[in-house]
Amino acid sequence: MTMETLEFQAEARQLLQLMVHSIYSNKDIFLRELISNASDALDKLRLAKLQDGLEADTSDLHIEIEADSEARTLTVRDNGIGMTREEVVELIGTIAKSGTAELLTKLKEAKESPELIGQFGVGFYSTFMVADRVTLVTRKAGTEGHGTRWESEGAGTYTIDDAENAPVGTTVTLHLRPKDEDDALYDYADTWKIKEIVKRYSDFIAFPIRMAAAPAEEGAETPEPETLNSMKALWARPRSEVSDEEYHQFYRHISHDWTDPLEIINMKAEGTFEYEALLFIPSRAPFDLFQREARRGLQLYVKRVFIMDDSKELIPDYLRFVKGVVDAADLSLNISREILQQDRHIQMIRRRLTKKVLSTIKDLMSSNPEKYATFWREFGRAVKEGLLSEPDNHQPILEIASFATTAGDEPTTLAAYVERMKEGQEEIYFLTGESRSQVVNSPHMEAFSEQGYEVLILTDPVDEIWVDAVTEFDGKKLRSIARGSVDLKKDEETKEPEGDFGPLLGFLTEKLDEHVKEVRLSHRLTTSPACLVSDANDITPALEKMYRAMGQEGPRVKRILELNPNHPLVVGLRAAHERGAEDSALPDTAELLYGTALLAEGGDLEDPARFAKLLADRLAQTV
């Protein structure tokens, strides 16, 4: 195949420019990125030999760094899996595998400059911060003949050609820019600087990172390369022997995050089945936490041998934000994802890791309320998904959950809510909605607020679903104040309705039959004329809307219209009906009453134009 000159994909060009000019405040990061890419390539080669039977020499997997101060070049070389010509174009020429247009948007909007360690392409672009030309030579393990040579000056195009006699693996050579300390651009051909970077960012890499020795004088014996990293498995060392900074560096390496973790969790299981785990709870949620294609899961090792990245089988999806490593002693080295799903040892690890994470969060509630508050603010919405997917863990999840409440501005736990319940109160009251303001100002809330009952304010989309799956906490039933009938203990001074409302209720039920299943008097309203409630076993309008958005059309559920018998509008409507049930204005008034109740709870009118006309006509009669 002849040499080609190709253009970077448009989004790749944008990301490349961001890399060079704005994303990284610390240019040292480029070497960490190259080493991480090289380490991934070594892992993949070893895995391909174990799982696929690839014929490859894995006896001395390593990373080499070679600096030439005279030529102003820095070379990072690995003898890992390598790439084909097509993979080079795919991984470097585009960002299809290393990012998306949304990533670009997030990066541009970010107040801080993230340090990305991820798919090959994204990290590779960082080399152009320190080099005005980058050359890559690679050959895929298991292929015969030539390799591939890639080169670019980072200006929008690159060349790609065959590379004769290329060894298996990947070699990246940077033609370094001149030193400019004012721009934090150091001399990256300086061996001292290289050692400093490797020690800071890559000391825990499982493969030796070797620094080629300086050329010896004529006649002298060439010194052996120096190994720059300790290669210690951090999870295998006692907590007392590892500094927080070492843990933080390791977390940044595996999580692709640039902030320190919120909490570190060490586990070691001994006995019939042994494994070690080092887990991290991040301090902030990633932007793709609720995206299906986001990377999630833990790294799986067997006896220090890397087996699988992003192993979803080791942690439930509602804890997908947890990062870390699990190193098992007795699993097969050629284990696959299909085997993982069935392996009883993996299921046991999953249960124990889940239990440990939930108990750690519970401990934070008492030992460090500030950390807990940060955790719940960032990840609470995801954790509540577990109330749907893991019935066996309802209790521990509810014990660590916090909810907004009418009792104050700070979230409350269910245990604290139960402690504050009024004498005689048997149920935990809640109301779902799109925002705190909508819930607090809902007509459903009036009687509860007037009589001093605390109500939980649930505004996350997942709240609409899990409240149907969880029926109680600590023996107290959870009760939506927008469902079923309400019969709160009335004050002695509560005004009872005067007159017979039966004929009016029957008339309204008939006229609004298309919209409601029943019209009845309400015990939950004090200031509003009407509200809509769902039957105890019916789904809520919000949940109905969610199902429709997912393409699950079903029959529309009619609701119940409740009237406040003490409101002047309802009293007047009863009187008007008594004077003349055939009054042509009464059906329009009924429709307006229904529409205002729907708007008061934040609902959508089926025919806004008709409602607006009815309202305008009625207002015109009063002028």
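Mentor: Strands in this predicted model are DSSP runs of E with at least two residues, numbered from the N terminus.

Trainee: In which strand does Thr148 lie, and is Thr148 buried or exposed?

Mentor: Thr148 belongs to the run of residues 147–152, which is strand S5. Since buried means under 20% relative accessible area, Thr148 counts as buried, its relative accessibility being 5%.

Trainee: Which residues does Thr148 touch, not counting residues up to four places away in sequence?

Mentor: A contact requires heavy atoms within 4.5 Å. With residues up to four places away in sequence not counted, Thr148 touches Thr84, Arg85, Val88, Leu136, Val137, Thr138, Ile160, Asp161 and Ala163.

Trainee: How many aromatic pairs are there, and what is the geometry of the one formed by Phe30 and Tyr188?

Mentor: Rings count as paired if their centres lie within 6.5 Å, and planes over 60 degrees apart make a pair edge-to-face. By this rule there are 18 aromatic pairs. The rings of Phe30 and Tyr188 lie 5.0 Å centre to centre with 80° between the planes, and this pair is edge-to-face.

Trainee: Why does the pair of Phe30 and Tyr188 tie together parts that are apart in sequence?

Mentor: Phe30 is buried at a relative accessible area of 0%, and Tyr188 counts as buried at 2%. Phe30 lies in helix H2 (residues 29–52), whereas Tyr188 lies in the loop between strand S7 (169–176) and helix H6 (191–201), so the parts tied together are 158 residues apart in sequence.

Trainee: Why is the pair of Phe403 and Trp466 described as tilted, and which elements hold these two residues?

Mentor: The ring centres of Phe403 and Trp466 are 5.8 Å apart and the planes stand at 35°, so the pair is tilted. Both Phe403 and Trp466 are buried. The elements, which the pair ties together across 63 residues of sequence, are strand S15 (residues 403–405) for Phe403 and helix H16 (residues 463–469) for Trp466.

Trainee: Over the face of which ring does Lys193 lie, and over which does Arg574 lie?

Mentor: For Arg574, the distance from the ring centre is 5.1 Å, and the ring is that of Phe501. For Lys193, the distance from the ring centre is 4.3 Å, and the ring is that of Tyr186.

Trainee: What do the buried residues of helix H20 pack against?

Mentor: Helix H20 covers residues 585–600, and its reach of 22 Å from first C-alpha to last is close to the 22 Å expected. Its buried residues include Leu586, Leu592 and Tyr594. The buried residues of H20 pack against strands S21, S22 and S23 and helices H17, H19 and H21.

Definitions and conventions. Residues are numbered from 1 along each chain as its sequence is written. This is a predicted model: local features need pLDDT of at least 70, side-chain atom pairs count only at pLDDT 80 or more; totals for chains, interfaces and linings use all residues. Side-chain values use heavy atoms; hydrogens and water are left out. Helices (H or I, at least four residues) and strands (E, at least two) are DSSP runs, numbered from the N terminus. The expected span of a helix is 1.5 Å times one less than its number of residues. Buried means under 20% relative accessible area, exposed over 50%, partly exposed in between (1.4 Å probe, protein chains only). Rings of Phe, Tyr and Trp (its six-membered ring) pair if their centres lie within 6.5 Å; planes under 30 degrees apart count as stacked, over 60 as edge-to-face and the rest as tilted. A charge sits over a ring if NZ of Lys or CZ of Arg is within 6 Å of the ring centre and within 35 degrees of the ring normal.
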